[in-house]
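Reader: I'd like to learn how to read helix packing, and then what surrounds it. Can you walk me through a case?

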Amino acid sequence: MHAAELLQFVIAGLKNGSIYALVALGFTIVYAATGIINFAQGEFYMLGGMVSVFVLGALKVPLAVAIAGGVALTVVVGALVERLALRPRRDAGQLTLIIITIGVSLLLRSVARHAFGANELSLPAFSPGPSVMFMGAAIERQALWVWAITAVSVVGLWLVYEKTSFGRAMKACSISHEAARLMGIDTARVVALAFALAAGLGAIAGAAVTPLTSTAFDVGARIGLKGFAAAILGGLGDFRAAVAGGLALGLVESLSVAYISSTYKDAIALVVLLAVLFLRPQGLFGRMAKEKV
Amino acid sequence: MRGRDSYIAWALVAAAAVAVLALPLLTSDRYLLKVFTFVGLNAIVVTGLALLFGYAGQISLGHAAFFGIGAYASGFVTTKLGWPFLAGLALAVGLSAVGGLLLALPSLRLKGHYLAMATLGFSEIASILFVEAKPITGGNDGLSGIPYAAVGALRFSTPQANYWLVWGVAIAAVLAVSGIVSSRPGRAMAALHGSELGASACGIDPASVKTGAFTVSAGLAGLAGCLYAHVLGFVAPSSFALDTSIVLVAMLVVGGSRSLAGPVAAAALLTLVPFADSILPGLSPATVAFLQEWKGDISGVVIIAVMLFAPGGIAGVVRALRGRFGGPGRPTRAGAVSAGPASVAEEEGSAV
């Protein structure tokens, strides 16, 4: 294979990988704060794209405002899901909470189909223009946006975690809710903010990718799975690992298309997910969690 | 030990079985029989899932895939290779059970609900394979011309015969699973609910108990899938998608945990919703159209509402009513597997 051709596949892999990373971050944040896997994470991604398209079409506002609206509304949905559906049963155990997120995912998908229709929808590119050439490979301008947004999100998240009291509260909650509460941390608020943050990251990813791939009411399940695969690949619960897992998954997927076949492209991520569960459940960078007694 | 309650329960089960098996004698409406045959197929899958969810405390989002594996396996070997029905059935059950075992072994050694996500991934892989493995599955066109089930000279070629076949298997499945839950593995599962750590200390290996439950439930889904293929004569990939798995989860949740009757009743209820017009003749077409159009939204709301307000589902409500009107002097049911508070989740300990 030609070097430029290979580079093209690497670029495509890193582009998809950053999207997986943003979705994986959503899983990681909620998991760290609550210990549950949020099956509705993919629906936040779907809502980010769909609501942005809807706001753009209905209100005729500039693209940036439409996307801000899409992300803001998804954040509100994320916080409402936590407040209305999960908080009332927060002491009920993982199985109950996971089933609730499965119900939420089904509900959001069905409501989106009724609200926005069953057709594929798209957004204009953030900055239209021809692709940028780099060492013989073409990079779409939108891909540069995707990378920039991912980088800003990760740095922002790192600052929140390391420099703010909310970040310290999140860390405390991921260690022990009971102890965090005893230290005067409002754990309910932390969990609500974690959901809002996860919803926001998912929505940003969904809006950023819509000009490239278009979106529809039913894209959530598959991207959710891939994001989860990325989170597991890196090691669930650590946000740097989620980013590394996302990029690695994107690369593996893209290179397998280059060298094997594109028929089973979507199956690759799932095979990676199962392989990690089989061989290295703590992820590439994680350490095995000890069971708390 | 359980005295009167136990006799009443058995009498109810026997009465329900007789009523179910007598239906073809009361009606010869082919459409109605077909609809109720589908209820029976879902009852088989849900019985297996109830073992996994209600007793082993795990949830699967991949049972539509095991159902599909059973349907395609038996459909392919009987149609294309000329295998007899029973051999196809054995292959269907074997393949899906082994698939379940391979999936459960690694995921259940981990804490938490990795299995649920693993089953979701498995289900998506299976969906892709059902479409892409054209030489076996026929791709999007599906597999047609699947022969009726036949055992020796006995051929299940009428709607009545197929109805009896499916419900005969369904009743056998319910009895077999209720045998499992009231014997040693069932007590092990009950112990795990009390405290996983405590159960481990008593020599119960949580992972192997849960893996066993998952294997049985995957095998039952494969069995139902095989019957589905031979009853319908045709299988296509759209029947085995994620939506089907989520509908199955809805049946379980509405039915309630630690119960087989509850989930089977919920399976009947939710299977019949899209066919409401043929069951309740007075229903207006607008109502039926609404139910079909908003099926997804309604299922989502129902799943959330049941978990919020009645986490025990139908079984929990029935238990609460029996508790209220049962009166004094009833034998205590502590320790009996079929007793126990409303929800699995309640006893699982706090997740947060």
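Author: Two packed helices are described by the angle between their axes and the distance between the axes. Here, H10(A) and H11(A) are oblique to each other, because angles under 35 degrees count as roughly parallel, over 145 as roughly antiparallel, 65 to 115 as roughly perpendicular and the rest as oblique. The axes of H10(A) (residues 239-259) and H11(A) (residues 265-279) cross at roughly 135 degrees and come within 9 Å. Axes are lines fitted to C-alpha atoms, for helices over the stretch in contact, and angles run from 0 to 180 degrees between N-to-C directions. Helices are DSSP runs (H or I, at least four residues), numbered from the N terminus.

This is a predicted model: local features need pLDDT of at least 70, side-chain atom pairs count only at pLDDT 80 or more, and totals for chains, interfaces and linings use all residues. Residues are numbered from 1 along each chain as its sequence is written, while chains are lettered from A and ligands numbered from 1 in the order in which they are written.

Reader: Which residues of H10(A) and H11(A) meet?

Author: Contact means C-beta atoms, placed from the backbone, within 7 Å. Leu249(A), Val252(A), Glu253(A), Ser256(A) and Val257(A) of H10(A) meet Lys265(A), Ile268(A), Ala269(A) and Val272(A) of H11(A).

Reader: What does Ala229(A) contact, leaving aside neighbours within four places in sequence?

Author: Ala229(A) is in contact with Leu249(A), Ala269(A), Leu270(A), Val272(A) and Leu273(A).

Reader: And how many residues are in contact between the chains?

Author: 46 residues of chain A are in contact with 42 of chain B. H5(B) gives the largest share of chain B's side, eleven residues.

Key:
Helix = DSSP H or I, 4+ residues; strand = E, 2+ residues; numbered from the N terminus. Contact = placed C-beta atoms within 7 Å.
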